[in-house]
Amino acid sequence: MMDFSEFLMPVPYELRYKEYSAFSVYQRVRFELDEELDANAIVLLGIDDNEVNLDGDENGFSQLRDHFYSLSVSNWKRPIYDIGTLPKGATFEDTCFALHQVVSQINETGATIVVLGGSQAFNYILYKSLQRDLLKVGTIDIKLDIEGQTEDLTANNHITKMILDQTHRLLEFKNIGSQAVYVAKEELDILEQLNFEDMRLGKLVEDIKKAEPLLRDLDLLSVDMNVMQYSSFQNVSVPSPNGLTEREICGLMRYAGLSPSMNVLHISNFNLSMHSPNKMLLTEMLWYFIEAKNNLKSDETTETYRVQSTEGEIVFIYSQSSDRWWIEVEVEEGRSLIPCNESDYLDSMRGEIPHNWLKFYKKFY
């Protein structure tokens with residue numbers, strides 16, 4: 001049995017033994033790691049850190065947990081472990097070390113890890129904690145967090161750290177929700193050179209379904225709550241008049257939960273002393289992610305559609321059970337599937353070459 005008592009503050013006694021409805025999320029939550037912890041489990045972990053200069057309060061996570069435990073439970077089969085909160089260390093490096101120790105050990109079981117709170121800088125520590133090469137990483141962020149200064153880890157360069165990491169190479173990076181006023185041309189040039197991807201807020205608002213393929217095969221997703229518009233979520237470090245709405249962020253959390261390869265979700269940059277509606281939105285985001293994790297669909301039975309184009313034959317795969325589409329491509333190891341939308345298939349029928357298909361060949365050939 002894993003013991004993280006030297007690193008974590010356990011969930012307060014009054015929450016562990018509070019009376020909640022028989023149909024509440026609380027009835028599915030465990031507070032001690034046990035031998036049943038495996039790939040089906042979902043592990044919750046809080047980070048109480050003021051790295052982003054937000055005025056937190058010591059009861060913030062308790063109130064957040066109370067809201068989450070009170071929500072109605074669906075037909076969830078996966079066990080949920082709430083293992084407590086990682087307090088701020090004597091130094092930022094101490095907090096990073098403790099986070100790495102906890103997440104890397106839990107990751108060995110294959111469990112899905114949800115980290116709430118702290119600076120988005122911790123995203124790089126989570127990346128290293130997965131201890132694998134060629135990872136697929138995504139962010140939901142108002143900006144790209146790629147800057148030249150890389151000596152000290154910050155919320156503004158955690159993606160740069162991944163790009164330059166020689167021991168754990170970054171295979172794919174995708175950002176969703178950026179706004180042009182916060183993204184420098186030089187950052188976009190870097191994404192273009194590396195064949196990484198950025199979906200602007202405007203494109204997402206036109207059709208949120210177009211974001212689903214970007215989230216489908218991710219290993220790690222980091223959500224910066226600064227991506228929200230101020231009228232939808234007030235307790236952030238950099239309030240913005242534009243951004244995602246409550247419905248859009250919950251929809252994205254559902255798409256993220258439907259990713260079978262998702263190992264870690266990090267929701268960062270929010271104020272623990274927030275107003276109650278903001279706390280409720282965070283817990284609803286968490287609920288939609290876990291709901292999707294409990295309702296993953298099998299894609300074993302598929303249909304194949306072949307479209308002739310000026311670039312050659314494009315093969316589309318469709319799963320009726322999950323209503324998802326892929327483009328099939330040939331690689332040295334055999335067949336590879338690129339997530340796409342039905343709109344890509346329909347566009348190809350009209351003679352347009354799918355963006356995902358072109359991006360794949362640009363990256364590997």
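**Exercise 1. Determine how many cavities of 30 Å³ or more the whole structure contains, and describe the lining of the largest cavity.**

Solution. The model is a predicted one.

Step 1. The largest cavity holds about 120 Å³ of space.

Step 2. The lining of the largest cavity consists of 13 residues, and those nearest its centre are Leu64, Arg65, Phe68, Leu116 and Leu286.

Step 3. Three elements each contribute at least two lining residues: β2 (42-48), α2 (60-70) and α10 (276-293). Helix α2 provides the largest share, with five residues.

Step 4. Sorted by class, the lining comprises nine nonpolar, two polar and two charged residues.

**Exercise 2. Classify the aromatic pair Tyr20 and Tyr69 by its geometry, and state where its two members lie in the chain.**

Solution. An aromatic pair is described by the distance between the ring centres and the angle between the planes.

Step 1. In total, the structure contains 19 aromatic pairs. For Tyr20 and Tyr69, the ring centres are 5.9 Å apart and the planes stand at 85°, so the pair is edge-to-face.

Step 2. Under 20% relative accessible area, a residue counts as buried. Tyr20, at 13%, is therefore buried, and Tyr69, at 0%, is likewise buried.

Step 3. Tyr20 and Tyr69 are members of one aromatic cluster that also includes Tyr26, Phe31 and Phe68. Phe68 is also one of the residues nearest the centre of the largest cavity.

**Exercise 3. Carry out the corresponding analysis for Tyr305 and Trp325.**

Solution. 

Step 1. The centre-to-centre distance is 5.5 Å and the angle between the planes is 35°, values that belong to a tilted pair.

Step 2. Tyr305 lies in strand β10 (residues 302-309) and Trp325 in strand β12 (residues 324-331); the two are 20 residues apart, and the pair links distant parts of the chain.

Step 3. Tyr305 has a relative accessible area of 27% and is therefore partly exposed. Trp325 has 6% and counts as buried.

**Exercise 4. Which residue has its charged end over the ring of Trp326, and at what distance from the ring centre?**

Solution. The residue is Arg216, whose charged end sits over the ring of Trp326 at 4.8 Å from its centre.

**Exercise 5. Locate Leu134 and Asp145, and decide whether each is buried or partly exposed.**

Solution. Most residues other than glycine have a negative phi.

Step 1. Leu134, although not a glycine, has a positive phi of about 60°. Asp145, also not a glycine, has a positive phi of about 55°.

Step 2. Leu134 is placed in the loop between α4 (122-129) and β5 (135-140). Asp145 is placed in the loop between β5 and α5 (158-164).

Step 3. With 40% relative accessibility, Leu134 is partly exposed; with 3%, Asp145 is buried.

**Exercise 6. Describe the surroundings of Gln229.**

Solution. 

Step 1. Gln229 occupies the loop between β8 (220-224) and α9 (246-257). Its relative accessibility of 17% makes Gln229 buried.

Step 2. With neighbours within four places in sequence set aside, Gln229 contacts Ser240, Pro241, Asn242, Gly243, Leu244 and Thr245.

Notes:
Residues numbered from 1 in each chain as written. Predicted model: local features only at pLDDT ≥ 70, side-chain atom pairs only at ≥ 80, totals over all residues. Heavy atoms only, no water. 1 Å grid on protein atoms, 1.4 Å probe; cavity = no way out; pocket = protein on both sides within 12 Å on 5 of 7 lines; lining within 4 Å. Points joined across faces, edges and corners; volume = space filled by probe spheres on them. Helix = DSSP H or I, 4+ residues; strand = E, 2+ residues; numbered from the N terminus. Nonpolar A, V, L, I, M, F, W, Y, C, P; charged D, E, K, R; others polar. Buried < 20%, exposed > 50% of the residue type's maximum accessible area, 1.4 Å probe, protein only. Contact = heavy atoms within 4.5 Å. Phe/Tyr/Trp six-rings, centres within 6.5 Å; stacked < 30°, edge-to-face > 60°. Lys NZ or Arg CZ within 6 Å of the ring centre and 35° of its normal.
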